[in-house]
Amino acid sequence: MAIRVLCVDPDEDARTETVERLRGELADMDPTVEAVDGIAGAERALDAGGVDCVVTEYDLPDGTGFELVETVESRAPDAGCVLYTGADLDRIDTSGLAGSITEFVGKGSVFGAERLTDLVRTTVERRAQATYPVPQSEEERVAALRTYDLDDPDLQASLDRVTDLAAAHFDVDIASINIITEHSQEFLACYGATEEWETMDREDSICTFTILEDDVMTVEDVTEDPRFESRADELLELGIHSYMGANLTTDSGLSIGPLCIYDDQPRSFSAADRAYLRDLAAIAMDLVELHSRVAVAESAPGTDPDRGSESGGDRR
Amino acid sequence: MSHTPDERYAFGESLPIAPVDPGSTVFVAGPAMSPAEDLATTMVADGCHGEEGSLFISTNTTCERLLDGCRRTHPDLDASRVGVIDCTGQVSGDRSHEAEVKYISTQSDLTGIGMKFSALYESLYMASGGPVRAGLVTLSSLSMYSDLRTLYQFVQTLSARIDSAGGLGVFAIDPTTHDEQSINTLSQVADGRIDVREADDADGQLRVRGLPDQPDGWQPFTLPR
């Protein structure tokens, strides 16, 4: 994995030391370590995208480390934050910050510098400060996702027919097949209003919870479900009051994302409902698999019947 | 130092729990009246036998009562290797103990709890040369003040810190106070779970799941007193 770490420290010598330490000790993670002296610079770096972890001093020329943490939460919600500071912890008022979780490493401590590297490593590897769980096989899952050719218009047209069938069967206005990438939810196929939706952060996605389940996940009422109640207003505005999703699962059991239906009313789902959506999801996965196999076969040398075996690639 | 970083965390003889790998986080689950909270506290205090550090986040028991209890059950406890984050909201002036104590005025301040946990963890890590057992007693109490997503993020951050330092995390949870979705979500941070129930012929029975090389099924246990 290649990671991006942002160091924010107004003291140039301290900043350089931290950057060099992280670069050296995290070399196996292929790190890109950037350094800036304050919030303004950090905002530019965050907007460029891809930051996995922010290591910051508390006292910054244009604000506090916590103000930066809030900025990180809105601009790069999956990134973890580590307050690496010489400031006295007891002077830092945290009472108004319900909700932002940050790691703390004292700069002065004997083990501080060494522990900083360990923590940055774990924070990135475990996505420790995300507000949602990731599957245990997340790395394999994301790798599997990359092996499919999902941008092809023919495949997407076929999958659109599956979402049409799902919407018609369950009599809902919205159905979609969503792919859960490393940090976001992307719409692969959809019926209804989702055509206007854009990519969303994983923390805002219901489906990011579906991929933790073995097959089907139901939410009878988003306002009553502890996982989504804090975001219920936004979901209701999108016409989502209830939800059912069935995973598109690879042969090795990894979910690339679910086929799901959304209702604008609370509703319950029967065993037959679950079974139907599960079947449609299996059909959708078959389409994805077969399409990829055909694409591979067409692009591979040696499959052109006119050229026979001479370009078969077996040169032994 | 009697402990190397790769050594497993062992427990007292009266607990039918085999040693647990460094970096693990374990949930101890039982209803409020069961001995689950006492079991979790004992599993952390048992670190005194190996010169390890013990760090508690205590939501319902003041640091004085917690330390008194630990001294009673673990007479060889070295208070200078103990840290407590007292979240009961009752600040005491009693400094007759050597333990390092930090106070949090409200359990909704997860940011403060997390940062003080980090600071105390570092200082115990230095004092013990590495091995630190961390107890959160109880996770269910914190859930009354924060939404599930925030609480998940909090316990995941604690668990990651414990993992990165090769520590042991023991989090007490009362499954009867959470719905299934909350339990399933929070459980994602745990490597294993110890269920606790009451028993007539012992202090309780426990069953370990998700951890390697553990006894099968329900086992009676006795708490030190």
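Which element gives the most to the lining of the largest pocket? In this predicted model, that turns out to be α5(A), with seven residues. The pocket itself has a volume of about 1200 Å³. Its lining is made up of 44 residues, and those nearest the centre are Val134(A), Pro135(A), Gln136(A), Ser137(A) and Glu138(A). Sorted by class, the lining of the largest pocket has 16 nonpolar, 13 polar and 15 charged residues.

Next comes the second largest pocket, with about 520 Å³ of space. Here 22 residues form the lining, and Asp38(B), Thr41(B), Arg65(B), Gly69(B) and Arg72(B) sit nearest the centre. At least two lining residues come from each of α1 (36-45), β2 (53-58) and α2 (63-73) of chain B. Of these, α2(B) provides the largest share, seven residues. By class, the lining of the second largest pocket splits into seven nonpolar, eight polar and seven charged residues.

Now for the strands of chain A. Five of them line up in an open sheet with parallel pairing, in the order β2-β1-β3-β6-β7. At the edges stand β2 (31-36) and β7 (103-106), each with a single partner strand, so one side of each has no neighbour in the sheet. On average, neighbouring strands of this sheet are turned by 20° against each other, ignoring direction. Inside the sheet, β1 (residues 3-8) and β3 (residues 53-56) of chain A run parallel and are joined by four bridges; Leu6(A) stands opposite Val54(A) in β3(A).

Strand β8 (residues 174-180) of chain A is worth a look of its own. Seven of its seven residues are buried, so β8(A) is largely enclosed by the rest of the structure. Ile174(A), Ser176(A), Asn178(A) and Ile180(A) point one way from the strand, while Ala175(A), Ile177(A) and Ile179(A) point the other way, and all are buried. What does β8(A) pair with over four bridges? That partner is strand β13 (residues 255-263) of chain A, in the antiparallel sense, and Ile177(A) stands opposite Leu259(A) in β13(A). β8(A) is also joined by six bridges to strand β9 (residues 184-191) of chain A, again running antiparallel. Across that pairing, Ile179(A) stands opposite Glu186(A) in β9(A). Together β8(A) and β9(A) make a hairpin, with three residues between them.

Notes:
Residues are numbered from 1 along each chain as its sequence is written. Chains are lettered from A and ligands numbered from 1 in the order in which they are written. This is a predicted model: local features need pLDDT of at least 70, side-chain atom pairs count only at pLDDT 80 or more; totals for chains, interfaces and linings use all residues. Side-chain values use heavy atoms; hydrogens and water are left out. On a 1 Å grid over the protein atoms alone, a cavity is a set of points where a 1.4 Å probe fits but cannot get out, and a pocket is an open set with protein on both sides within 12 Å along at least five of seven lines; lining residues have an atom within 4 Å of a point. Grid points are joined across faces, edges and corners, and a volume is the space filled by probe spheres set on the points. Ala, Val, Leu, Ile, Met, Phe, Trp, Tyr, Cys and Pro count as nonpolar, Asp, Glu, Lys and Arg as charged, and the others, Gly among them, as polar. Two strands pair if DSSP finds at least two bridges between them. Axes are lines fitted to C-alpha atoms, for helices over the stretch in contact, and angles run from 0 to 180 degrees between N-to-C directions. Buried means under 20% relative accessible area, exposed over 50%, partly exposed in between (1.4 Å probe, protein chains only).
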